[in-house]
Amino acid sequence: MASSVASLHRARYNLQAQHGYRRMFLTPAESEALFLSLRISFVAVFGALPVAFAAALLLARTRFPGKTLVDGLIHVPLVLPPVAIGFLLLMALGTRGALGGWLLHSLGIRFVFSWTGAALASAIITFPFQVRAIRLSLEAIDRGLSQAAQTLGAGWWDRLFNVTLPLALPGIAAGVITAFAASLGEFGAIITFVSNIPGETRTLPLAIYTALQAPGGEEQAMRLSLLSILLALIFMTLAEIVQRRARS
Amino acid sequence: MSVEISLQHDFPGFALDLAFALPKPGVTALFGASGAGKTTIVNAIAGTFRPRRGRIVINGRVVLDTEAGIFVPPAQRRAGYVFQDARLFPHMSVEDNLLFGWRRAPAKASAEDIAGVIALLGLGRLLHRRPRALSGGEKGRVALGRALLSSPEILLLDEPLASLDAQRRAEILPYLERLRDEASLPMLLVSHALEEVARLADDIVVVKGGRKAAEGSVFDVLTSLELATLAGAPPVGAVIPATVAAQREDGLTALGFDGGTLYVTRLDLPLGAQLRLRIRAEEILLALEEPRGISANNVLPAKVVGIGNSDDVHADVQLACGATRLIARITRASAARLGLAPGKPVYAIVKSVTVGAMAASMPA
């Protein structure tokens with residue numbers, strides 16, 4: 001789906017090139033920031049989802065020593081300033097950092113100054129939202145259902161995919177939507193870790209910030225802010241619909 | 001078709017230590033008060049509870065042997081479990097619920113068997129519904145069907161009627177009776193309701209405080225003096241197999257049993273139909289001489305077998321009426337006044353009889 005977002009972006013760009021951007025609702029720079037925001041959030045949220053589900057399952061279903069510590073660590077991004085997270089990521093994954101250097105030289109992966117780095121930062125920051133929502137829905141599932149499935153011949157993976165996962169779906173959807181919405185607003189960690197590069201890491205919040213740096217940029221900042229409000233409304237409506245469907 | 005169970009486990013303030021067997025297809029009741037350890041025993045058979053020591057053999061297959069280090073996980077035990085709260089999967093239709101175990105069974109029931117179970121439990125019109133659209137009784141039937149279609153080697157019924165009101169209970173009981181008579185697998189029925197046990201079970205294992213207090217056929221155990229004192233307050237009484245012997249013109253039906261004949265108000269059953277009669281201990285009066293000028297239709301000559309004290313006021317008198325055992329609950333004062341002692345001939349005046357059908361011999 002990430003590629004389809006990108007191709008949509010390209011198609012739109014071509015259209016604008018042919019007819020001139022004035023006829024379109026958004027300027028090329030604006031739509032660039034919008035689609036970059038969507039792409040980064042999409043990759044961040046769905047990339048983190050399997051890990052978040054595993055973490056939620058661990059916290060909801062098992063007991064182990066140090067569980068409180070793990071629970072706390074997962075929630076650290078909620079209370080830490082995003083700028084600090086961005087800085088720590090830069091230290092660890094910068095090309096001169098130990099891990100970052102190794103990734104670059106042995107695997108050719110570079111996070112700094114790249115949209116993938118922005119996605120990584122967003123994933124870490126929105127991780128607690130996903131874990132929390134999924135964990136709540138897992139804890140709400142009657143454990144007896146899993147036991148019943150067991151006596152009917154279903155093994156661990158069978159129960160996970162055919163009983164637990166479908167029943168946790170409303171929570172997963174709620175977690176994804178919340179995390180996506182939160183990710184769209186991420187600023188501090190992205191600008192610190194991967195900088196503010198147009199077309200690569202300049203998401204909507206960064207574009208608003210950039211507009212405000214230039215004299216007379218208020219109108220531009222206002223347009224981008226209205227766009228952000230529109231996005232927020234869409235996601236709040238989605239969340240509402242999902243919750244209603246889960247309840248019925 | 002046999003199941004052997006022996007278990008030992010220590011809980012805080014409670015120890016489980018018992019052994020019993022289900023020697024043949026049919027219903028064995030696991031009877032006892034709440035907290036006696038019944039559900040724990042069933043969970044151990046299903047494999048969802050792992051006892052400290054124990055050995056469980058289902059049809060020759062050892063599924064648990066702590067000494068040999070054998071523990072077959074619940075998913076491979078093929079123990080059909082009907083939970084008290086049904087536990088249907090809320091995200092699946094009734095049909096998918098029914099087929100959940102079937103799809104995972106190593107030896108699948110045929111399409112004919114599936115249709116048979118659906119017909120037996122009256123589920124045909126419910127197949128496309130979701131569990132939340134079902135009544136309590138319907139949920140219970142679906143849970144039963146789901147367990148049956150997983151081709152189990154033993155059926156575990158954990159108080160399948162306890163969460164239902166009297167009306168729903170009456171709705172599902174006939175299905176359980178048909179199941180008992182038509183299915184050829186051992187069934188373990190957990191219950192603390194004597195009426196239910198009397199109606200459904202062939203054998204009974206009485207559990208008290210994690211130990212086995214009595215074991216045997218319902219006909220014997222329910223009329224034993226030990227059970228009368230064990231069970232405490234519940235309605236103690238005899239269960240008697242009987243056959244429709246005659247339909248009389250005065251509106252009574254004569255029911256023959258091993259030891260005499262009982263008359264009840266007209267039952268619309270053919271001659272030869274088999275029934276299970278239940279005579280509660282409070283429903284029997286005792287007399288030393290044959291009473292005359294009495295409205296009761298049923299006066300049975302009997303012999304006192306034993307006397308037990310059920311509480312401070314009452315005594316339970318075990319009677320032999322031919323080969324059939326009855327039990328009567330009278331006051332200790334009456335027992336003393338009549339001078340009752342083992343061997344003494346008496347007349348049992350039966351005030352009322354509860355009739356439960358044996359479905360197999362009834363026309364459908």
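Predicted model: local features only at pLDDT ≥ 70, side-chain atom pairs only at ≥ 80, totals over all residues.
**View 1. The interface of chain B and chain A.** Here 21 residues of chain B are in contact with 18 residues of chain A, and the two chains bury about 1,600 Å² between them, 66% of it on carbon and sulfur atoms. The size of an interface is often given as the accessible area lost when the parts come together.

**View 2. The salt bridge between the chains.** Between chain B and chain A the count is 1 salt bridge, in which the side chains of Arg104(B) and Asp158(A) meet at 2.6 Å, taken from N to O.

**View 3. The side of chain B that touches chain A.** The elements that give two or more residues to this side are β7 (79-82), α2 (94-104) and α4 (136-149) of chain B, and α2(B) gives the most, with 3 residues. When the residues of this side of chain B are divided by kind, 12 are nonpolar, 4 are polar and 5 are charged.

View 4. Thr324(B) lies in strand β19 of chain B, which covers residues 324-331, and Thr324(B) counts as buried because its relative accessibility is 8%, where buried means under 20%. The side chain of Thr324(B) reaches the backbone oxygen of Asp258(B) at 2.5 Å. If neighbours within four places in sequence are left aside, Thr324(B) is in contact with Asp258(B) and also with Ile240(B), Phe257(B), Gly259(B) and Leu319(B).

Technical notes
Residues numbered from 1 in each chain as written. Chains lettered and ligands numbered in written order. Heavy atoms only, no water. Contact = heavy atoms within 4.5 Å. Buried area = accessible area lost by both parts, 1.4 Å probe. Salt bridge = Lys/Arg side-chain N within 4 Å of Asp/Glu carboxyl O. Helix = DSSP H or I, 4+ residues; strand = E, 2+ residues; numbered from the N terminus. Nonpolar A, V, L, I, M, F, W, Y, C, P; charged D, E, K, R; others polar. Buried < 20%, exposed > 50% of the residue type's maximum accessible area, 1.4 Å probe, protein only. Polar contact = N/O pair within 3.5 Å; in protein donor to acceptor, adjacent residues only side chain to side chain.
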